[in-house]
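Keep the structure open as you read.

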Amino acid sequence: MGIPVWVMRGAEGGAQSPRHEDAAAVGAAAAAIFDQSAATRVAPTHAANVAAHDWEALADAVRQCTRCGLHKTRTQTVFGVGRRDAALMIIGEAPGAEEDRQGEPFVGPAGQLLNAMLGAIKLRRDEVYIANILKCRPPSNRDPQPTEAATCTPYLNRQIELLRPRVMLAVGRIAGQWLLQTEIPIGRLRGQVSRYGDTGIPLVVTYHPAYLLRSPLAKAKAWQDLCLVKDLIESHR
Ligand code: URA
């Protein structure tokens, strides 16, 4: 399939097995991206403050964040990494154990595979920007709760706004469904170009590398998604 160095983990979704029980709460926070009104319903002053931050203030705010219970169990926050003028922004679900330890997204086994996937479309990790929906690790890698995602979304939205990527790639069902505010299965979300809220930024959804590690047969579809991403980047030059 053209990705020789891919070495890939079970029933897709995200890194774990995602469930969205509270679609209304999910919808409330992330639907309107640069429209702060939805986030405002979650936490008015929080959303407004975050929307005014530059990169450094944003990183500081995330570092000091105690807005949801995850701050009690984290080792550290995981803000994001990469070029702040990257054409491609990759968005995962939440830090895992290794990310929590190192303070950087996608540094565990799934991260190794993500790097290889990027390499397959001639991109190095340091040429893109990588972040997660959640900036703190959920205990035992459980699924993010909608209120946690809603509370964290203003940070991600500000990252997107500051970065203004040409293309966004959501990896895994949780990231894809959250960003697109839908419960459509990932098998139907992937393979096409969606748009992120009101920003109009092209958004491609693909399988989570942790899933690809467990289900190598899905690599072929992920390869198609990556080719789509590459084409989008090139067509927006
Ligand atoms: N899985 C994710 O979704 N994000 C990470 O940073 C690591 C694993």
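**From the core to the ligand**

Start with the largest nonpolar core, which has 64 residues; Leu88, Met89, Ile90 and Leu179 touch the most other members. Such a core is a set of buried Ala, Val, Leu, Ile, Met, Phe, Trp, Tyr and Cys residues joined through side-chain atoms within 4.5 Å. Helix α7 (residues 146-163) supplies the largest share of this core, seven residues.

A word on ground rules: this is a predicted model, where local features need pLDDT of at least 70 and side-chain atom pairs count only at pLDDT 80 or more, while totals for chains, interfaces and linings use all residues. Numbering runs from 1 along each chain as its sequence is written, and side-chain values use heavy atoms, with hydrogens and water left out.

Overall, the protein has 11 helices and six strands (DSSP runs, numbered from the N terminus: H or I of at least four residues for helices, E of at least two for strands). Of its 237 residues, 55% count as buried, meaning under 20% relative accessible area, with exposed over 50% and partly exposed in between (1.4 Å probe, protein chains only).

Back in α7, look for Glu148. It counts as buried because its relative accessibility is 6%. Leaving aside neighbours within four places in sequence, Glu148 is in contact (heavy atoms within 4.5 Å) with Cys68, Leu70, Leu134, Arg142 and Asp143.

Now for helix α8 (residues 173-180): eight of its eight residues are buried, so the helix is largely enclosed by the rest of the structure. Among them are Arg173, Gln177 and Trp178, along with Leu179. Not counting residues up to four places away in sequence, Leu179 touches Ile91, Ile133, Leu156, Ala170, Tyr196 and Leu203. Just after α8, Gln181 takes a positive phi of about 50 degrees.

What sits around the ligand? Gly92, Glu93, Ala94, Glu99, Pro105, Phe106, Asn132 and His208 do, each with a heavy atom within 4 Å of it. This shell divides into three nonpolar, three polar and two charged residues (Ala, Val, Leu, Ile, Met, Phe, Trp, Tyr, Cys and Pro count as nonpolar, Asp, Glu, Lys and Arg as charged, and the others, Gly among them, as polar).

The backbone does its share here: a backbone N or O atom of Glu93 lies 2.8 Å from a ligand oxygen atom, and one of Phe106 lies 2.9 Å from an oxygen atom of the ligand. A polar backbone atom of Ala94 is 3.0 Å from a ligand nitrogen atom. Taken alone the ligand exposes 230 Å², and the protein buries 97% of that (Shrake-Rupley areas, 1.4 Å probe).

Definitions and conventions:
A polar contact is a pair of N or O atoms within 3.5 Å; within protein, one must be able to donate a hydrogen and the other to accept it, and residues adjacent in sequence count only if both atoms are side-chain atoms.
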